[in-house]
Amino acid sequence: MDAVVIGAGIAGLTAAATLANRNLRTLVLERHNVPGGCASFYQRDGYRFDVGATLAGGFGARGVHRLLNAHLAMDVSCESFEPAMIVHLPDEPVVRYGDRRWLAERLRVFGPAAEPFWRAQERIADLAWDFSMRFPALPADLPGALALARAFRPHHLPLLGTLGRTVASILPVAASQRLRSFVDAQLLITAQGPADRIDLAYGSTALDLAREGTFHLPDGIATIAVALARTVRRTGSAIHYNTSVAAIETARGRVTGVRLEDGSRIAAPRVVSAIPVGNAMTLCPALRRSLQRRVAALPQRWGAFVLYCGLPPNVVPDDLPLHHQVVTSYDRMLGEGNTVFLSFSGSNEARRARNGGRAVTLSTHTDVARWERAYRDDGLAELRSTYTEALLAGLDRVVPGARRRATLIEPADPHTFARYTGRLRGLVGGLPQTPQVATLGALSHHTAVGGLFLCGDTTFPGQSTVGATLSGYNAGRAAAF
Ligand SMILES: Cc1cc2nc3c(=O)[nH]c(=O)nc-3n(C[C@H](O)[C@H](O)[C@H](O)COP(=O)(O)OP(=O)(O)OC[C@H]3O[C@@H](n4cnc5c(N)ncnc54)[C@H](O)[C@@H]3O)c2cc1C
């Protein structure tokens, strides 16, 4: 084997496809029986649910998925749609258009006083998108520094002025509660934290998701992973499912291969770890020694509570947009059932729900420590039922009466994610993109161990299928160098 990739999530499959595309014989090892990780699917009672990620960006003109699809000769069919979502604030729904209607909508809801904020956000986002479509990587070594320098253009200079600042620094001093809550809620799902914690450049692009284009994949978001897996196999490489890596082996500061849970070994001069960095450290003492201080300081705490809900035909109106965010109260904290993200399968997606029904994925951010405490104190069932209630209330807010009609309701909490994706403590969604963690502060794909590379949503540039794709491409490209 020329290379081993650990994990067949979006990051690992992208790394493998990049390596295979450069004629390196690559083996992907995946502990689960399907590809996709947090952007995968499961089937139950005639419904096919997206397990985590539901909303795809990155297929627009400047999008990372679109650029990489062309590069790897991959065909992922998708359609852009409008509006991206409806955000149901406690007193007002906000339609998140990506086109010119967004100007009228934001003026209606937030007034002209918020315009300098939105204009600054769009200006910064335009520069950051332009920079990111050149596939920048963090400059951990000479090739990395050259890649970063090649991506940088004189017109990107204003991005340097965003370093160390948060999104809150461009909010009007007297911003209304409505504007602050809207921005915080949107940043929570795209950057994992509120405006006063999130890096300005990262947050500006995160708030730009609708303008860059949102896309519908007819069989759900797992279509991306399935297409990547096909590309890996087509180029002569292989994926072994139900295969868990127990250790990354090293000798004299270089990686030598991996040991599997059954005790067998696979030798390889390059290993790409496409699992969260915390997981990778448990597999490799040399990596742990080099990163433990840095990783201990990372602001990781988010897990997800998710409900998979099957609805029969004629419950959801055909013309209802597919994605919604509900904010129940302005006075309570974000996540923890107070903000809920809901995604419906389309009205004519027979493969996702029988006879015109709908497969719905509802989720809320939650602190994993809550679930660990509940497990210790025997309070899991109660916590699950509290969160289930909160999410079903969110469903009823979007489609009144829908919860009574549901034919299937299944919950997943951080323990479920830990079980099915192997992610340590069930931590998902990457890291809150604070100025210390985002962009130049992010973890690089390079490590102190020769031949060992990292990718996935805990490394640069961060969460989402787009972030995981860029990180996987960077790791694959560096490993093949
Ligand atoms: C509830 C939820 C909602 C989200 N919503 C969105 C959204 O709408 N849009 C969006 O773009 N993103 C969304 N995200 C984020 C997005 O899903 C992730 O950032 C991205 O999919 C992470 O990909 P990854 O490859 O880095 O990691 P993962 O998806 O975690 O993949 C890692 C893979 O490695 C495997 N693995 C782990 N340990 C081992 C081992 N020892 N040996 C072998 N294999 C191993 C796992 O089984 C898994 O398949 C959401 C995430 C969640 C949880």
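## Contacts and overall form

Two residues are in contact here if their C-beta atoms, placed from the backbone, lie within 7 Å. Please keep in mind that this is a predicted model. Among contacts in the protein chain between residues at least 6 apart in sequence, 71% join residues at least 24 apart.

Now for the overall dimensions. The C-alpha trace spans about 60 × 55 × 45 Å along its principal axes. The radius of gyration of the protein chain is 22 Å, which agrees with the value near 23 Å that a compact globule of 481 residues would have. As for secondary structure, the protein chain has 16 helices and 19 strands.

## Inside the protein

Of the 481 residues, 53% count as buried. The largest nonpolar core has 139 residues, and Leu-13 and Val-272 are those with the most contacts inside it. In soluble globular proteins, nonpolar side chains tend to be buried together.

Leaving aside residues up to four places away in sequence, Leu-13 touches Ala-8, Val-28, Pro-35, Ala-225, Leu-228, Ala-229 and Val-232.

Helix 13 covers residues 380-398, 19 residues in total. From its first C-alpha to its last it reaches 27 Å, close to the 27 Å expected at 1.5 Å a residue.

Which residues of helix 13 are buried? They are Tyr-387, Thr-388, Ala-390, Leu-391, Gly-394, Leu-395 and Val-398. These residues lie on the same side of helix 13 because they cover an arc of only 165 degrees around the axis. The face turned away from this buried side carries the exposed residues Ala-381, Glu-382, Ser-385 and Glu-389.

Definitions and conventions: Residues are numbered from 1 along each chain as its sequence is written. This is a predicted model: local features need pLDDT of at least 70, side-chain atom pairs count only at pLDDT 80 or more; totals for chains, interfaces and linings use all residues. Helices (H or I, at least four residues) and strands (E, at least two) are DSSP runs, numbered from the N terminus. The expected span of a helix is 1.5 Å times one less than its number of residues. A residue is buried if 20 or more other C-beta atoms lie within 10 Å of its own, exposed if 12 or fewer, and partly exposed in between; C-beta atoms are placed from the backbone. The arc is that of the directions from the helix axis to the C-beta atoms. A nonpolar core is a set of buried Ala, Val, Leu, Ile, Met, Phe, Trp, Tyr and Cys residues joined through C-beta atoms within 7 Å. The radius of gyration is taken over C-alpha atoms; the globule rule is 2.2 Å times the number of residues to the power 0.38.
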